[in-house]
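Subject: Structure handover

Hello,

Here is the structure I promised to pass on. My notes on salt bridges and a helix contact follow below it.

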Amino acid sequence: MTDTPARTLLLWCPDWPVLAAEIVDGVPATGPVAVLHANRVVACSERARAEGVRRGLRKREAQGRCPQLTVVEYDPGRDARAFEPVVAAVEELVAGVEVVRPGACAVAARGPSRYLGGEEAAAEQIIEHVAQTCAVEAQVGIADGVFAAGLAARTGRVVPPGGTPTFLAALPVEALGRPALADLLRRLGVRTLGDFAALPPGDVLARFGFDGALTHRLAAGRDHRPLAVRRPPADLTVTAEYDEPVDRVDAAAFAGRALAEQLHDRLAGHGLACTRLGIEAVTAHGQELHRVWRHDGLLTAAAIADRVRWQLDGWLTGSSGRGGVGRARPTAGIIRLRLIPDGVIAQAGLQPGLWGETGEERERAHRALSRVQGILGPEAVLTAVLGGGRSPADQVRLVPWGDERLPARPGEPPRPGEPARAGEPPWPGRLPPPAPAVVLPTPLAAVVHDADGAPVVVSARLQVSAPPARLTVDAARPMEITGWAGPWPVDERWWAPAEAHRRARFQVGLANGTALLLVVEAGQWLVEAIYD
């Protein structure tokens, strides 16, 4: 540990999770937006704060304060991807950048202050360059150490050398970022960082443990580690240009194999392997083609060459897509081909199986399905991913083969006989297992009668008027109901009248052995799914 922290310049982008949602997903950050994790607000826009939304609020309370609130799920991967151009823009002016977290990066202030005309001038130039390059507003703080520079960035302040302890002393203990510790310190009468820093270090370690001792050092203006600067990523892209346009599949495949071997050699030289490959081509008429291939294992030189060949074959032959809709063949041959390793890991990051390669049958299936995608497009091969939700349709998301298998909603339903998974959010109103075998894309209209022939209705208090006895679907003959279970009520988005849904689901068994999932909404019965 060092007791003399280096002068540090920290760039901070306020409300970064909100800005990342705008950059990646197009959610307007100028409106009321809240980013939620585990059903609590972790970041919100300025407009949302003006309506009373604060960090730590539950989703329902936040929407109660701001009915027009746009809710976005927290995605650390999205935040990191969106922040990469900002870090690259900072690296264009200064070297040795450390990403503290998505939305904040730090650099030693000594170098920039010397060749950019002082600390304040360096801060202004970095802010202006990020704004012009990335269209992102940022603030810069300069102080002794990363922790103090991060707090100074909140107000865009430059703390003079040696003045960091005085700057920190007046701040409340909540600035430590440990809510539980801050609450305990306040109950003990310690309200500022200066009060906390004045406590004997040995007593702090004995009472609050290692984390308390670490925050005690931060409160006194002593960082626990130096900057951990990152190395700019190496340029791993390989490109080939052709004087004569390549318009034959065999010639393109030969050129693609040579380029694939060049890419593999470059990756091997850095101790890396590719798991996601971008293929770009430019034709003589300026048409640009692009496709990304994903793979759950290491892409060898042969695997890269195969995917390049399949993709070039798909482009140059203009094969028919789904439903017989043809994709137009390029009007000219290819003059430039580029391979981009979009996803790389350390070459030892994936381990082969104990007896031979992992999943040879899986690899053959992957090659076949990837081949189909190369001809028909990525949407031609879809796989189902289970996630959270109340209805069977909500719990399934179709993703292209090879894409990341992420559920649309958190909380995968447990398999039959399994308990609910720890840490997953509950879904009140979700049906118990087993899941239906067939979910109808369009529910069928139905009528349910009791034994006397009267329609069965469900009251607002979920009282069933009579036991269901017969079911009529569309214009078919009535069928006898031999057993039923329910209702399972669902009351969604009640705070937004235009989007509100209030319904109840029933499971019914018919005399012919069929089991159905019925839903009733506003007095209308529908057949939603069929059980096996």
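E241 is exposed, because its relative accessibility is 59% and the cut-off for exposed is over 50%. Please keep in mind that this is a predicted model. E241 pairs with R336 in a salt bridge, at 3.4 Å from N to O. The two residues come from distant parts of the chain, 95 residues apart. R336 sits in strand β11 (residues 334–346). E241 belongs to strand β8 (residues 238–246). R336 is partly exposed, with a relative accessible area of 29%.

Why can such pairs form? Side chains of opposite charge can pair when their charged atoms come close.

How many salt bridges are there in the whole structure? The search finds 13. Here are some others.

R65 and E61 form one of them, with the closest N and O atoms 3.2 Å apart. Both residues lie in helix α3 (residues 59–65). They are four residues apart there, so about one helical turn separates them. R65 is partly exposed, at a relative accessible area of 39%. E61 is partly exposed too, at 40%.

Next comes the salt bridge between D79 and R78. The closest N and O atoms are 3.9 Å apart. Are these residues buried or exposed? D79 is buried, with a relative accessible area of 3%. R78 is buried as well, at 4% relative accessibility. Both values count as buried because the cut-off is under 20%.

There is also a network. Salt bridges link R7, E119 and D144.

Now to the helices. Helix α4 covers residues 76–91, and helix α6 covers residues 119–134. Their axes come within 9 Å and cross at roughly 130 degrees. That angle makes α4 oblique to α6. The crossing of the two helices is right-handed.

Which residues make the contact? On the α4 side they are P85, V86, A89 and V90. On the α6 side they are I126, H129, V130, T133 and C134. Seven residues of this contact are nonpolar and two are polar. None is charged.

- The buried residues D79 and R78.
- The contact of α4 with α6, with its seven nonpolar residues.

Best wishes

How values were computed: Residues are numbered from 1 along each chain as its sequence is written. This is a predicted model: local features need pLDDT of at least 70, side-chain atom pairs count only at pLDDT 80 or more; totals for chains, interfaces and linings use all residues. Side-chain values use heavy atoms; hydrogens and water are left out. A salt bridge is a side-chain nitrogen of Lys or Arg within 4 Å of a carboxyl oxygen of Asp or Glu. Buried means under 20% relative accessible area, exposed over 50%, partly exposed in between (1.4 Å probe, protein chains only). Axes are lines fitted to C-alpha atoms, for helices over the stretch in contact, and angles run from 0 to 180 degrees between N-to-C directions. Angles under 35 degrees count as roughly parallel, over 145 as roughly antiparallel, 65 to 115 as roughly perpendicular and the rest as oblique. A crossing is left-handed if the near helix is turned anticlockwise from the far one by less than a right angle, and right-handed if clockwise. Contact means heavy atoms within 4.5 Å. Ala, Val, Leu, Ile, Met, Phe, Trp, Tyr, Cys and Pro count as nonpolar, Asp, Glu, Lys and Arg as charged, and the others, Gly among them, as polar.
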